[in-house]
Amino acid sequence: MLKRSSVENIITAALETGADFAELYAERTEQGSIGMVNGRVETAQSGLSCGAGVRLFFGTQAIYGYANDMSEKNLIQIARGCAEAMKSSVQHSRKNWRETVRPCINPIRILPKNTAKSQKAEYLRLAAEAAKAYSPSITQTRTGFLEVSKHVLVANSEGVWGEEDRVRTRFTVEAVASSASEKQRGHFGPGGSEGMELFERINVEETAREAARIAVTMLGAKPCPAGKFPVVIDNGFGGVIFHEACGHGLEATAVARNASVFAGRLGQQIASPLVTAIDDGTIPNAWGSSAMDDEGTPTARNVLIENGVLKSYLVDRLNGRKMGAAITGSSRRQDYRFAPTSRMTNTCIAPGKSTPEEIISATEYGLYARQMGGGSVDPATGSFNFAVLEGYMIRNGKIAEPVRGATLIGKGPEVLWDIDMVGNNPKRAQGMCGSKSGSIPTDVGQPMLRVSRMTVGGRG
Amino acid sequence: MERNEFFEQLAKAAETEGFTDCETYYQQADSFEVLVLEGKVSHYENSRTEGVSFRGNIGGRTGYACTEQLAADAIPFLVNAAKENAALLPPEDAEELYPGEKEYPVLQGIHEGLERLSVSEKIDAAKRMEQAALAGAEEVALLDYCVLGTVRVETVIRNSRGLDVSFAQNYATAFVSAIARKGDETKTGSYFWKDQDWNGFDPEKTGREAARRAAMQLGAASVPSGKYDAVLYGEAMVALLGAFCGIFYAENVQKGFSLLGGKLGQNIASTAVTLRDDALLTGGYASTPFDSEGVSGRNKAVIENGTLRTFLYNRKSAKADGAESTGNGFKASLTAPVKTACTNFYLQKGTKSRDELFEALQNGLFITDLMGLHAGTNTVSGDFSLSASGFLIENGKLGRPVEQITIAGNFYRLLEAIEDVANDMYFSSGGKGSPSILVRGLDIAGM
């Protein structure tokens, strides 16, 4: 992508501005997608995206410039132009390259570009047919395929030189069930840092039928009652609760500015002793995995909370400087348009001892959130909200009637204390997480959990 | 490669490969952003990006592909990928390229004052915002963000049928988010400014307003669950408009993703509701002389005094309905196909002040913020269940702050239930706007 001598010249020129750290990130990404509505191809797109970004540190001040034009001349000009805002006469020098051999953690068996698009469209058609055939109430289906193949280069003045090929594929299905006055949706989006072998791992028709089942079930559901009561959140995408309620508050972006409710709490009990949470960017072929992060640091398995005690934040290079903390290999960015910062990779709550049956039967009255939708959080206050895609009431220790339109709200620090049962059935699910450095693939995950009291919004 | 040369080579290669018609949609963006923290530049960004989206007709089908690299080796990629993509698409979806119009509306895109602004002037303004925010309220000792940016975007669309349009536009944005703390309680408040006229920018006001908004939420508590009458501030209503604007897109109506099918000419909202989509609004954040298909921008009443007047069309959905495009065919990004999008999409304001609405309400809630829009809304059924915050209204006056509540309802019902609209106006940076509105009987979950 860029010659080594060019990279050396760019970094050297960047350091001449007086910066004490200079980094070059370059990428070349090929992306393809197919979208179907009701079994007909509606969009088919291919894109080639290329660009580079130069980042300079002056102590804890950072400057970032980027462009599509990856010529040595242009990138040197960006580095110099960016430094206009800074004045420093101190000169730092570039360290020699240290190349570390990183083990490939996402081996790809079938590169997506070696499979014909017509074959990919066929998976989508089969899924659409299966969802449609599930019930006469299914009136619409949307199915989609995404492939991303990204080559990344990161080099910095401290001698880091890292390159990686990253391949991701994802299948999405949405089924809409309609009655005269109502429409309800069910959807899934399994994917991974893997090739077309994704379609050997998952069964697109079963996944589509499951989405259809949710839509049909919710179509007949009554509005969820509002109030404050126990909530049982099932495994898999239920992990979005931790992602939103706590994960974002553990990112150094928020912690370094003292803008997180979890700032200054390392070593303290911040959650129920039943809670252990881990961010692991090294899980083979997982959606949020890579060999190195977007600063060239090898990814790691970081224990964030252990038995309720806060053990670690997610720390990138710049915020690590501000906090005096070690980097954790989880500095990420959507693409060259974004400076990297601390983000989650695959973040999961570790399994506990209760079986799902024990959790349900121990709950007299409450809400069973079988499938979660998305949500968001304000890291400064810890206030979060998220939607329940598929919900049921629990009555007398048994799963009762389905309910729709439920929203869970609360504050991260409080909800962590209120987790009073943790199941033994961990599962991960895929999401796109949007934050300061763009939209990135992350896994969320957890076993079934019970929160003893939660505010549930609904219309019943 | 120089862009005109690239367009020509691409057109030539496409023709050789068998494309009968082709189009290049080009966009170039220059952007600058500075983030200030504690009187110093904490982050600074400068960029130039460009890209071309190609579409062409081959064998009676239309294919798309795009590139950010205007280099010789991108040309075979575009042509081959577009050919493979075209083969997947049904021939009945083939897109006829637009030859363009004789005349286009003239909008002032480039403001010279902004072009001439120096880096140090921008940094200085950002620092003044920060100072004003920190001095704006006793409880504010820290800012979440203090950002100032300028953007220049140029769009050029050319095709083999004769379309050749271009538009360049620049603007500046400022955003401050302040953190207010008292005891264990933390609140954030934010304020933004966006305009083409730098002289109209008041950095102190932007900072102060963010601080004021954060501090005034301190002391917030929930309310008992139940049905409440409420005034929704424009910003909260705009959040709902943003989530549900898709129900007015003809393409969603045609696919059954909207419940408005067959409702043209019928009353779908209270008579207080007039909803416009105006591409030509003076000073509008989403003003544009043409859409991504080259169709000229215009001003439409979508709902007029409660009556549904038109859907928003791109050329494809217009053809399906035997209608004319309303100039709402937009690409969300270079890689995105032309879909439907709003321009300046706003609820027209009324005559009463917000205080008069409070007076009419007597007791209820003033909802200022809604959260969780991307998850707590069902864009098909219109249902929403969202985390909200705001203030109590007691005896017609603004009372204590309210937090940790959810507001649940249905957007279609909400349009019918709007009793009155105020004469204030809030516009989001994307061009969605609303005055404060008065609605009765919202379902609120709280304590």
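Which residues line the largest cavity? Before I answer, some housekeeping. This is a predicted model, where local features need pLDDT of at least 70, side-chain atom pairs count only at pLDDT 80 or more, and totals for chains, interfaces and linings use all residues. Residues are numbered from 1 along each chain as its sequence is written, chains are lettered from A and ligands numbered from 1 in the order in which they are written, and side-chain values use heavy atoms, with hydrogens and water left out.

Now the answer. The lining consists of E23(B), T24(B), Y25(B), S53(B), F54(B), R55(B), Y64(B), S292(B), K331(B) and V338(B). A cavity here is a set of points, on a 1 Å grid over the protein atoms alone, where a 1.4 Å probe fits but cannot get out, and a lining residue has an atom within 4 Å of a point. The volume of this cavity is about 60 Å³, volume being the space filled by probe spheres set on the points, with grid points joined across faces, edges and corners.

In chain B, β1 (21-37) and β2 (40-58) each give at least two residues to that lining; strands are DSSP runs of E of at least two residues, helices runs of H or I of at least four, numbered from the N terminus. By class there are 4 nonpolar, 3 polar and 3 charged residues. Nonpolar covers Ala, Val, Leu, Ile, Met, Phe, Trp, Tyr, Cys and Pro, charged covers Asp, Glu, Lys and Arg, and polar the others, Gly among them.

One of the lining residues is T24(B), which sits in strand β1 of chain B. T24(B) counts as buried because its relative accessible area is 7%; the cut-offs are under 20% for buried, over 50% for exposed and partly exposed in between, with a 1.4 Å probe and protein chains only. Beyond its neighbours within four places in sequence, T24(B) has contacts (heavy atoms within 4.5 Å) that include F7(B), L10(B), V52(B) and R158(B).

In total, the structure has 2 cavities of 30 Å³ or more. Helix α6(A) gives the largest share, 3 residues.

Last, the cysteines. With a disulfide taken as two cysteine sulfur atoms within 2.5 Å, the count over all chains is 0. C104(A) is exposed at 61% relative accessibility, while C146(B) is buried at 0%.

Technical notes: On a 1 Å grid over the protein atoms alone, a cavity is a set of points where a 1.4 Å probe fits but cannot get out, and a pocket is an open set with protein on both sides within 12 Å along at least five of seven lines; lining residues have an atom within 4 Å of a point.
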